[in-house]
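Please look through the sequence and the structure shown here before reading on.

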Amino acid sequence: MDENEFAKIYGEYLRDESRQVGNAESIVFPKSEAEIISSVKEMFEKNIQITTQGARTGLAASAVPHNGHIINLSKMNKVTGARYDEKADRFFLTVQPGVLLSELRKYLANKSFIVHEWDDKSINAINYMEKAQWFYSTDPTETSASMGGIASCNASGAKSYRYGSARDHITGLRIVLADGDVLSIKRGQFIADDNIFSLITESGRVIKGELPKYKMPDVKKNTSGYFNMPGMDMIDLFIGSDGTLGIISEIEIELNKTQEVNWGVTIFMPDEDSAVDLVRALRHEIIIDNIDLQLNPSAIEFFSHNALNMLKNQQATNSAFSNIQEFKDSYHTAVYIEIESDSNDEVWAEIEKLGDIINALSGDEDNTWVAYNTINLEKLHDFRHACPECVNMQIDSIKKTDNRITKLGTDMSVPDNKLKDAMKMYNEGIEENNLNAVIFGHIGNNHLHVNIIPQNMDEYEKGKELFLIWAEKVAAMGGAVSAEHGVGKLKVPFLKKMYNKEEINEMRKLKKIFDSAQILNRGTIFEFEEDEK
Amino acid sequence: MKIIICIKQVPGTNEVKMDPITNTIIRENVEAIINPFDLYAIEEAVRIKEKTGSFVYGLSMGIPDATEMLREAISLRVDKGILMTDRKFAGADTLATSYALSKGIEKIGEYDLIICGKQATDGDTAQVGPSLANTLGIAYATDISKILEIKHNKMSCLKITDDGYEEISVLLPALITVVKEINMPRLPSIKSMKTAKKAEIEIVTFEEINADENRAGLKGSPTQVRKTFVPVHNVNNEMIEGTSEEKAQKLSEILLNLRTDVN
C-alpha cells in the first residue's frame, strides 16, 4: 500500500505516546505465534523492515515505524497458562505480548481467567491461587501498556524501589527471530560462559556469539542499550532490547504475594534539601537524631516545588483536577512513600518514628497525609498521577500553537551518591535557560522525570539541547540515560553520550548475530549502519 | 461553640454482597469506613472550630469495633469520640436510631450545632438527620452546601436543590445535613494520628442514658426489612474491532438497528 493511503486508513498505528509520527506500507495483526512467523518470513524474504508494536504507550518511539511493515501484537491478548512451584511457593503466568497490564491486574484481582484453551497442569495451578492474593509488581503509570512492551523496554514504575524492574520478574520468553526461527528461553537455561554465549533455536540451529565488552552503569534502574555482563543469563539480553533482536511471542512472568497491609504517606517538606535528606534517611544512608528507622518502603517518590505549584494552578483553574487533594500554600516539596507489610501495628510503629525524623529535619509531622485504607490510598495515587497528566495536557495545548513541539521528559538515573549532584544539575540547567519545568518521579532509585514545558519552539530547542548536556553529565556520573522507558528512537543521541562509537558498534554487531539484515525495529537503540555517517 | 457530628460506620465498597439465605449484608473481608458523607460533616465542623475555637464531639451508635472509626474521626481533628454501644441498641431503624442518638446528645448536654452527612451510603434513607432534629425539638436544614455566616445564635447557609440554591437562616441550636459540595475533607497526618491513638473513646451504654426500651433497638423500630437484594444488571458488552473506518461502519449499523427496534 502507498504510504499516504496507509496513513489515511491506519494513521493511529504510525504513532505512540512519544507523539512522534512515522510511516509504513503494510500492517498485520497476528493472533498466534504461527501468524507472526509467517509474516516475518515473508518480510525476511523480501528484505522489508519490520516494526513491532504492542499497545503503543511507549515514550521513546520504539513502536513508531520508519517505513516498511508493522506487526501489531494487540490481538495476541490471552493469558495462556499458569504454573505453581509448590516447593518454593512461587507462582507464574504465561501471557501473550498483547495482554494489557490493566487486563492482567483485573484477572488477578478477580482470580478469574479464560481457561478453555489451557492444559490441565495450568488449570490445576490456578487452584493454588485461592490460598493467597498474587500481584504483578511491575507498575508503569500507564496501565494500558502491553506485557510485550513492558518486557521490550524493561519497564518498572514506582514500586521498583522494592521489587526491581520487569527484568526481575520475567522467567521465560518465546522469541520469533528475523528469519522466522523461534527461540524459547527459560531463565537459567542459557548462561554465557564468561563472554561467550550459545543458544539453540527450536529448529535446532545453534547461535553462538561473543558478548560486547562495554560495562553497564552501576545504577538500580537502567534500560539504556543491551543488557551485557560476563556470565549473564541470556534471557536478559532480550529483555529491554526494544524489539531489535526478535519479536516476543510469549512471556512467562513471576507474580508476588500481596501483603495485607498497604499504606501511603505524602510528606510535605519546607525545602528541597530537607526532602532529599528525608529520602536518604528512608534509604538508611543517614541516621537522624539516633532514630532507628526500620521502615522499608516499596516506593519513594518525589514532587518538586514547581510540580506542586503546577498542581495547585491546575486545581484552581481546571475542573479535571479540582478533585485532587487540597494542600497549603506553604507546602514546598513533597516526598511520597508506600509501605507494604503484614501488620498495621508494625507499620504504625515505624510511621511514628518517621514523624520524629520529619520534625528533626525541620519539617512538621502535621504536614503529612497518611492513607491506610483503599479510598484514601487512591487519593494519594490520584495526586501522584496528576503530575504527568498535567504535563501532558499542557503539552497538548501548546502543541496547538506549534505542532512540532512534543513532550520533553527525562528518564535518567544516577548512582545513590550522585543524587544531590543530579538534582543540582537539573535545577541549574532549568534556571540558567529560564525554562518552565517540573520534576517528579522515582527518587528512591535516583530516577527523576524532569519535564520541560516549552512555551514555544525556541524553548523546545533549548530544552532538547539541555537534555543532551544532561545525558553527557549523567553518563559522566556513572548513570544511565534511560532508566525505564527504553532508548527507542528518541534517545539514540543520548545513548551516544553514554557509550562511545566502538561500544555502540558492539551492540550493532550483537544485533546482527540475531538479525543479519537488520530488518527488526531499524533505527531503534542505535542508527542503521548505512544511515550513520 | 459546641458542635456534635453524628458518624456511622459503613462497608467500604460499592459492590455490597448479600447473604442469599439470611438476606443480610456480608461484612466479612469488607473494609469498614466512615460513611463518606459524614467526612464532609467532620471537615465542616473542624473548619468552624479552626475559625472560632469550637469543641467538636464525634458521636456514633454501633458495634464496639466502631471505637476505631471514632479514633479515625479524631485523626481528622474531632476533639472527642463517644460511642453508644449496647445490645439494646441493635436492630434499630432510622426512628429508633434518632431516638437513641437524641438520648446520647442529651447526655453530652448543651450544644450549638449538630452536623450530619446527608445520608449513609449503606441505607441511603437520609432520614436520621431530620428525625433526630425532630426528636430534639430543634430547627434543621438538609442538603447544605455552604455555611455563609454564624453570628450570635443565628446561622445562614446555602441549601442545594434541584433548581439551584436556597439561602436559609436557622436559629441555633440547630441541625444541618451536608452534601459533598460543601468542602474537601482533609486526610489524617502523622501528628493527628498520634493524637488519635492516645485518645480515650467514651463508651455509653443503654443504662447510662436513661432511655425507653420500647423506643430503642429492634423493639422501637416500626420498619421491618422483608427482603433485601442486589439488583441484577443485564448488560452485554460487545467489542467492536477493526480499523477506525470498519469500527465506525459497524457502530452505525448497530445504532441504526437500535432505532428499528424502537420503531
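**A walk through the model**

Ser362(A) counts as exposed, because 12 C-beta neighbours lie inside 10 Å; a residue is called exposed if 12 or fewer other C-beta atoms lie within 10 Å of its own, buried if there are 20 or more, and partly exposed in between, with C-beta atoms placed from the backbone. This is a predicted model, in which local features need pLDDT of at least 70 and side-chain atom pairs count only at pLDDT 80 or more, while totals for chains, interfaces and linings use all residues. Residues are numbered from 1 along each chain as its sequence is written, and chains are lettered from A and ligands numbered from 1 in the order in which they are written.

Ser362(A) is placed in the loop between α10 and β16 of chain A, where helices (H or I, at least four residues) and strands (E, at least two) are DSSP runs numbered from the N terminus. Although Ser362(A) is not a glycine, its phi is positive, at about 65 degrees. Asp89(A), also not a glycine, has a positive phi of about 55 degrees, and it lies in the loop between β4 (79-85) and β5 (90-95) of chain A. Asp89(A) counts as exposed, with 11 C-beta neighbours inside 10 Å. Most residues other than glycine have a negative phi, and most peptide bonds are trans. In chain B, the peptide bond from Leu172(B) to Pro173(B) is cis, with omega near 0 degrees, and Pro173(B) sits in the loop between β9 (165-171) and β10 (174-178).

The next topic is the meeting of the two chains. Their contact takes 21 residues from chain A and 15 residues from chain B, two residues being in contact if their C-beta atoms, placed from the backbone, lie within 7 Å. On the side of chain A that touches chain B, the elements giving two or more residues are α1 (3-10), α10 (344-360), β16 (368-371) and α11 (374-399).

Helix α10(A) packs against α5(B) at an angle of about 130 degrees, with the axes 10 Å apart; axes are lines fitted to C-alpha atoms, for helices over the stretch in contact, and angles run from 0 to 180 degrees between N-to-C directions. That angle makes α10(A) oblique to α5(B), since angles under 35 degrees count as roughly parallel, over 145 as roughly antiparallel, 65 to 115 as roughly perpendicular and the rest as oblique. The contact is made by Ile351(A), Glu352(A), Leu354(A) and Gly355(A) of α10(A) and by Ile190(B), Lys191(B) and Lys194(B) of α5(B).

Within helix α5 (residues 190-198) of chain B, the residues Ile190(B), Ser192(B), Met193(B) and Ala196(B) are buried. They cover an arc of only 160 degrees around the axis, which puts them on the same side of α5(B); the arc is that of the directions from the helix axis to the C-beta atoms. What covers these buried residues of α5(B) includes α10 and β16 of chain A together with α2 (66-75) of chain B.

Back in chain A, Ile288(A) is found in the loop between α8 (272-282) and β14 (299-303), and it is partly exposed, with 17 other C-beta atoms within 10 Å. Leaving aside its neighbours within four places in sequence, Ile288(A) is in contact with Ala281(A), Ile357(A), Ala360(A) and Leu361(A).
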